[in-house]
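Please keep the sequence and the structure in view while reading.

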Amino acid sequence: MKIIFAYFTLILFSLTSVNAREKFIHKIKPDLLKVQFAGNIGVLATGIEYSFLVDKIHFGILYGFAPSSIVGRDIHTISIKNSMGLFRQPLFNKALLGITTGFSFNYSITHNTHIIMPGYYPDNYYNTNALHFAPFVSFNLNFNNENVNILKNKTIYFDIGTLDTYIWYYLKTKAMNFTEILNLAIGVNFPLFIKEKAKQ
(Lines give C-alpha, C1' and ligand atoms only; values in the text may rest on other atoms or scores of the structure.)
Protein backbone atom coordinates (compact mmCIF):
# COMPACT_ATOMS: atom_id res chain seq x y z
CA MET A 1 0.00 0.00 0.00
CA LYS A 2 2.83 2.41 0.85
CA ILE A 3 4.50 1.69 -2.48
CA ILE A 4 1.27 2.46 -4.37
CA PHE A 5 0.82 5.72 -2.44
CA ALA A 6 4.43 6.76 -3.17
CA TYR A 7 3.96 5.89 -6.85
CA PHE A 8 0.85 8.05 -7.24
CA THR A 9 2.48 10.90 -5.32
CA LEU A 10 5.41 10.78 -7.72
CA ILE A 11 3.04 10.88 -10.71
CA LEU A 12 1.12 13.87 -9.33
CA PHE A 13 4.36 15.71 -8.60
CA SER A 14 5.61 15.07 -12.14
CA LEU A 15 2.35 16.37 -13.63
CA THR A 16 2.56 19.72 -11.86
CA SER A 17 4.08 22.56 -13.81
CA VAL A 18 7.77 23.33 -13.59
CA ASN A 19 6.89 26.78 -12.27
CA ALA A 20 4.76 25.31 -9.46
CA ARG A 21 7.54 22.92 -8.49
CA GLU A 22 10.09 25.72 -8.45
CA LYS A 23 7.84 27.87 -6.24
CA PHE A 24 7.35 24.98 -3.81
CA ILE A 25 11.08 24.20 -3.63
CA HIS A 26 11.86 27.90 -3.17
CA LYS A 27 9.46 28.13 -0.23
CA ILE A 28 11.02 25.22 1.65
CA LYS A 29 14.64 26.29 1.16
CA PRO A 30 16.40 26.82 4.50
CA ASP A 31 18.05 30.14 5.26
CA LEU A 32 21.11 28.86 7.08
CA LEU A 33 23.44 25.91 7.33
CA LYS A 34 24.60 25.40 10.92
CA VAL A 35 27.74 23.70 12.21
CA GLN A 36 28.07 23.43 15.98
CA PHE A 37 30.64 22.07 18.41
CA ALA A 38 29.38 20.72 21.78
CA GLY A 39 26.23 21.96 23.52
CA ASN A 40 24.61 18.67 24.59
CA ILE A 41 23.79 17.59 21.03
CA GLY A 42 27.01 15.80 20.27
CA VAL A 43 30.67 16.64 19.88
CA LEU A 44 29.83 17.93 16.41
CA ALA A 45 26.41 18.78 15.00
CA THR A 46 25.12 20.16 11.73
CA GLY A 47 21.73 21.10 10.35
CA ILE A 48 19.55 23.73 8.73
CA GLU A 49 17.71 26.74 10.07
CA TYR A 50 14.83 28.96 8.96
CA SER A 51 14.42 32.59 10.01
CA PHE A 52 11.17 34.52 10.35
CA LEU A 53 9.99 38.05 11.21
CA VAL A 54 13.03 39.80 9.72
CA ASP A 55 15.53 37.40 11.29
CA LYS A 56 14.08 37.64 14.81
CA ILE A 57 12.69 34.12 15.14
CA HIS A 58 14.70 31.04 14.23
CA PHE A 59 13.74 27.40 13.85
CA GLY A 60 16.36 24.75 13.17
CA ILE A 61 16.85 21.00 12.94
CA LEU A 62 20.26 19.53 13.73
CA TYR A 63 21.88 16.12 13.86
CA GLY A 64 24.68 15.64 16.36
CA PHE A 65 27.13 12.82 16.96
CA ALA A 66 29.33 11.92 19.90
CA PRO A 67 31.72 8.99 19.24
CA SER A 68 32.35 6.15 21.66
CA SER A 69 36.03 7.08 21.78
CA ILE A 70 35.06 10.22 23.72
CA VAL A 71 31.86 9.36 25.62
CA GLY A 72 32.02 5.56 25.89
CA ARG A 73 29.23 4.79 23.40
CA ASP A 74 28.20 6.29 20.08
CA ILE A 75 25.40 8.78 20.70
CA HIS A 76 23.22 10.16 17.90
CA THR A 77 21.08 13.20 18.71
CA ILE A 78 18.29 14.92 16.79
CA SER A 79 17.66 18.47 18.00
CA ILE A 80 14.87 20.91 17.22
CA LYS A 81 16.32 24.29 18.09
CA ASN A 82 14.26 27.47 18.47
CA SER A 83 15.42 30.96 19.34
CA MET A 84 14.24 34.58 19.50
CA GLY A 85 16.36 37.69 19.08
CA LEU A 86 16.52 40.04 22.08
CA PHE A 87 19.18 42.55 21.17
CA ARG A 88 21.32 43.60 18.20
CA GLN A 89 23.98 46.29 18.14
CA PRO A 90 26.65 47.31 15.58
CA LEU A 91 30.17 46.54 16.75
CA PHE A 92 33.10 48.62 15.43
CA ASN A 93 31.40 48.84 12.01
CA LYS A 94 32.58 45.29 11.37
CA ALA A 95 29.79 43.13 12.77
CA LEU A 96 26.47 43.00 14.53
CA LEU A 97 26.51 41.78 18.13
CA GLY A 98 23.30 39.95 18.95
CA ILE A 99 21.81 38.23 21.96
CA THR A 100 19.12 35.59 21.56
CA THR A 101 17.41 33.18 23.90
CA GLY A 102 15.66 29.94 23.19
CA PHE A 103 15.37 26.26 23.79
CA SER A 104 15.82 22.98 22.01
CA PHE A 105 14.20 19.58 22.25
CA ASN A 106 16.85 16.88 21.99
CA TYR A 107 16.24 13.23 21.21
CA SER A 108 19.26 11.04 21.96
CA ILE A 109 19.67 7.58 20.49
CA THR A 110 22.13 5.15 22.04
CA HIS A 111 22.26 1.82 23.84
CA ASN A 112 20.56 2.80 27.09
CA THR A 113 18.27 5.75 26.41
CA HIS A 114 14.51 5.40 26.68
CA ILE A 115 11.41 7.51 26.03
CA ILE A 116 9.43 5.07 28.18
CA MET A 117 11.45 3.25 30.82
CA PRO A 118 11.46 -0.56 30.48
CA GLY A 119 9.40 -2.59 32.91
CA TYR A 120 12.42 -4.00 34.71
CA TYR A 121 13.16 -0.58 36.24
CA PRO A 122 11.31 0.33 39.49
CA ASP A 123 8.26 2.55 38.93
CA ASN A 124 8.91 6.29 39.26
CA TYR A 125 12.54 5.69 40.20
CA TYR A 126 14.30 6.80 37.01
CA ASN A 127 13.39 9.66 34.70
CA THR A 128 13.20 9.00 30.98
CA ASN A 129 16.50 9.94 29.41
CA ALA A 130 16.02 10.04 25.63
CA LEU A 131 14.15 13.35 25.39
CA HIS A 132 15.49 16.57 26.90
CA PHE A 133 14.42 20.19 27.11
CA ALA A 134 17.48 22.45 26.80
CA PRO A 135 17.18 26.22 27.38
CA PHE A 136 20.03 28.50 26.31
CA VAL A 137 21.20 32.08 25.83
CA SER A 138 23.23 32.82 22.72
CA PHE A 139 25.74 35.56 21.92
CA ASN A 140 26.39 35.96 18.21
CA LEU A 141 28.53 38.01 15.88
CA ASN A 142 27.21 38.54 12.36
CA PHE A 143 29.93 39.76 9.99
CA ASN A 144 27.96 41.67 7.37
CA ASN A 145 30.52 44.32 6.49
CA GLU A 146 31.76 44.44 2.88
CA ASN A 147 35.36 44.75 4.09
CA VAL A 148 35.23 41.38 5.86
CA ASN A 149 36.22 38.60 3.48
CA ILE A 150 36.32 35.07 4.86
CA LEU A 151 33.61 35.74 7.48
CA LYS A 152 31.37 37.88 5.27
CA ASN A 153 27.65 37.18 5.92
CA LYS A 154 28.52 34.42 8.39
CA THR A 155 27.58 34.35 12.06
CA ILE A 156 29.69 32.95 14.87
CA TYR A 157 27.66 32.11 17.97
CA PHE A 158 28.30 31.03 21.54
CA ASP A 159 25.47 29.27 23.39
CA ILE A 160 25.38 29.00 27.17
CA GLY A 161 22.81 26.36 28.06
CA THR A 162 21.79 23.46 30.23
CA LEU A 163 19.46 20.45 30.30
CA ASP A 164 16.23 19.85 32.16
CA THR A 165 17.88 16.91 33.96
CA TYR A 166 20.70 19.09 35.24
CA ILE A 167 18.26 21.75 36.46
CA TRP A 168 16.16 19.13 38.25
CA TYR A 169 19.22 17.57 39.87
CA TYR A 170 20.58 20.98 40.93
CA LEU A 171 17.30 22.07 42.52
CA LYS A 172 16.70 18.75 44.24
CA THR A 173 20.15 17.93 45.62
CA LYS A 174 22.16 21.20 45.71
CA ALA A 175 25.14 18.89 45.26
CA MET A 176 26.86 21.14 42.72
CA ASN A 177 27.32 24.81 41.91
CA PHE A 178 25.01 26.42 39.37
CA THR A 179 27.89 26.97 36.96
CA GLU A 180 28.51 23.21 36.88
CA ILE A 181 25.19 22.54 35.17
CA LEU A 182 25.97 24.96 32.34
CA ASN A 183 27.58 24.07 29.03
CA LEU A 184 29.10 26.03 26.18
CA ALA A 185 28.50 25.49 22.47
CA ILE A 186 30.36 27.22 19.66
CA GLY A 187 28.94 27.33 16.16
CA VAL A 188 28.90 29.00 12.77
CA ASN A 189 25.87 29.87 10.63
CA PHE A 190 26.44 29.88 6.88
CA PRO A 191 23.81 31.73 4.80
CA LEU A 192 22.20 29.83 1.94
CA PHE A 193 20.64 31.18 -1.25
CA ILE A 194 21.48 34.80 -0.48
CA LYS A 195 20.69 35.99 -4.01
CA GLU A 196 17.35 34.19 -4.15
CA LYS A 197 16.29 35.53 -0.76
CA ALA A 198 17.21 39.06 -1.78
CA LYS A 199 14.76 38.92 -4.70
CA GLN A 200 11.77 38.30 -2.45
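## A polar contact

The side chains of Tyr 157 and Gln 36 make a polar contact at 2.9 Å. The model is predicted.

Tyr 157 lies in strand β7, which covers residues 154-161. Is Tyr 157 buried or exposed? Its relative accessibility is 2%, so Tyr 157 counts as buried; the cut-off for buried is under 20%.

Leaving aside residues up to four places away in sequence, Tyr 157 touches Lys 34, Val 35 and Gln 36, among others. Its contacts also include Phe 139, Ile 186 and Val 188. Val 188 is 31 residues from Tyr 157 along the chain, yet their C-alpha atoms are separated by 6.2 Å.

## Strand β1

Strand β1 spans residues 32-37, and its side chains alternate between two faces. Leu 32, Lys 34 and Gln 36 point to one face and are buried.

## The partners of β1

Which strands are joined to β1 by six bridges? One is β2, residues 44-52, which runs antiparallel to β1. In β2, Ala 45 is the bridge partner of Gln 36. The two strands form a hairpin with six residues between them. In the turn, Ala 38 has a positive phi of about 70 degrees.

The other is β8, residues 183-191, also joined to β1 by six bridges and antiparallel to it. Here the bridge partner of Phe 37 is Ile 186 in β8. Ile 186 is also among the residues that Tyr 157 touches.

Notes. Residues are numbered from 1 along each chain as its sequence is written. This is a predicted model: local features need pLDDT of at least 70, side-chain atom pairs count only at pLDDT 80 or more; totals for chains, interfaces and linings use all residues. Side-chain values use heavy atoms; hydrogens and water are left out. Buried means under 20% relative accessible area, exposed over 50%, partly exposed in between (1.4 Å probe, protein chains only). Helices (H or I, at least four residues) and strands (E, at least two) are DSSP runs, numbered from the N terminus. Two strands pair if DSSP finds at least two bridges between them. Contact means heavy atoms within 4.5 Å. A polar contact is a pair of N or O atoms within 3.5 Å; within protein, one must be able to donate a hydrogen and the other to accept it, and residues adjacent in sequence count only if both atoms are side-chain atoms.
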